[in-house]
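Hi everyone, thanks for coming. I'd like to take a few minutes to walk you through some backbone details in our structure.

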Amino acid sequence: MSGMVTQVRAARRDESPVRIGVLAPLTRPGWAEAGRHLLAGMELAVRATNGEGGIGGRPLELAVRDTAADPQRAAAAVEELAGLGVAALAGEYHSVVARTAATRADALGVPFLCSSAVLDALTEEPTSWVARIAPAQSLGWRLFADHLLDAGHRRIAVATQPSVYWQTGTRILRDHLAPHGGTVVELDAQKPEAVCDALVEHGATALLLLAGHPEPAVPLVRAVRGDKRLTEVLIGAPAGQPEFAEWAQLLGEDGAAVPFLRYLPERMTALGGRAELSLREQLGAAPSFVAFEGYDTIAVLTELLRSGEGTVAADAWPGADVEGTRGRIRFSRTADIGVWQWAWPPVQVVDRDPAAPGRFRILRSSP
């Protein structure tokens, strides 16, 4: 198959446009709002690239495939896009889906720049074909654990669903909290009323939502907020569920004061400021960090495609040096991570202000 991909690329090298295959969750059960923001950022960056002459005079174009949070659907999309001769693959939000896509891209010898998935083990073995814009899960979730510790929380409960992503997150939290006297108890996210009773039984002071949005995360918040026994229990969502407008629309005041992780600096670059204005107009709402991840993904690929005359070689990643929306982007090899990694994007712990749920408060930032 890899030989066929090479032949197709060679045959199309002098044709227009230069195409990037995009993977994004655009329908349920995928997190469709995240997918929409990811794609909006990519589309804005493509317009900027084409406004500056494209790739050696050839227009840049996106070939978008909806993964719907389905790993097998993503694998099929990678096969299809590789067969179409795309210059590179980009995108994806869900970690389990991105891991499948990265594995297939590696097997086919197609460059893949992952935008938003954070699972440390994005591939089982080291590969030169895959790079990542998003930070590793371990980096962000340890910062989140530090925030819990500083706020005085030692007895933590997690409402979780079966998934390698949630299981890995639970392990990161437990390993980081244990040396400080912290404990983590796992609860079934599908049973909100039982979660409330277990929180009382275990004397937990914080409940973390390691579960999908809107189901079962939203019913869990409503159940805890409505239980008079749990008025002092902190609800947290390290995976970032409260970032998006749908969270506030569904939960209103109940969705405020729920700390979560987002990948933005305290101050955007000049490029980021311009992109934010355009994305706000395009989306009709404030852009999430995922939209900026999408923009930065295309900005990196644009530089590599220009220097590679329309192609991205497996050894191209360490040559990238790009001014992104959130800082300077360079890739390196990082311990225990088998892909080329931007080390590191900015990381924040934030929440929605109870006095104005449409406004975010920065609670902690990465060094």
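Before we start, a word on terms: helices and strands here are DSSP runs, a helix having at least four residues and a strand at least two, and they are numbered from the N terminus. Please also keep in mind that this is a predicted model.

Let's begin with peptide bonds. As background, most peptide bonds are trans. Which residue is joined to Trp344 by a cis peptide bond? That partner is Ala343, and omega is about 0°. If you want to find Trp344 on the screen, look in the loop between strand 14 (337-342) and strand 15 (348-353).

There is also a cis bond between Arg28 and Pro29, where omega is about 5°. Pro29 sits in the loop that runs between strand 1 (18-24) and helix 2 (32-51).

Now to phi. Most residues other than glycine have a negative phi. Ala68, though, has a positive value, near 50°. You'll find Ala68 in the loop between strand 2 (60-66) and helix 3 (71-83). Is Ala68 buried or exposed? Its relative accessible area is 6%, and the cut-off for buried is under 20%, so Ala68 counts as buried.

Glu309 has a positive phi too, near 55°, and lies in the loop between helix 11 (289-307) and strand 11 (322-323). Glu309 is exposed, because its relative accessibility is 68% and exposed means over 50%.

One last stop: Ala356, in strand 16 (residues 356-365). At 22% relative accessible area, Ala356 is partly exposed. Its C-alpha atom is 9.8 Å from that of Gly252, a residue 104 positions away along the chain.

Methods. Residues are numbered from 1 along each chain as its sequence is written. This is a predicted model: local features need pLDDT of at least 70, side-chain atom pairs count only at pLDDT 80 or more; totals for chains, interfaces and linings use all residues. Side-chain values use heavy atoms; hydrogens and water are left out. Buried means under 20% relative accessible area, exposed over 50%, partly exposed in between (1.4 Å probe, protein chains only).
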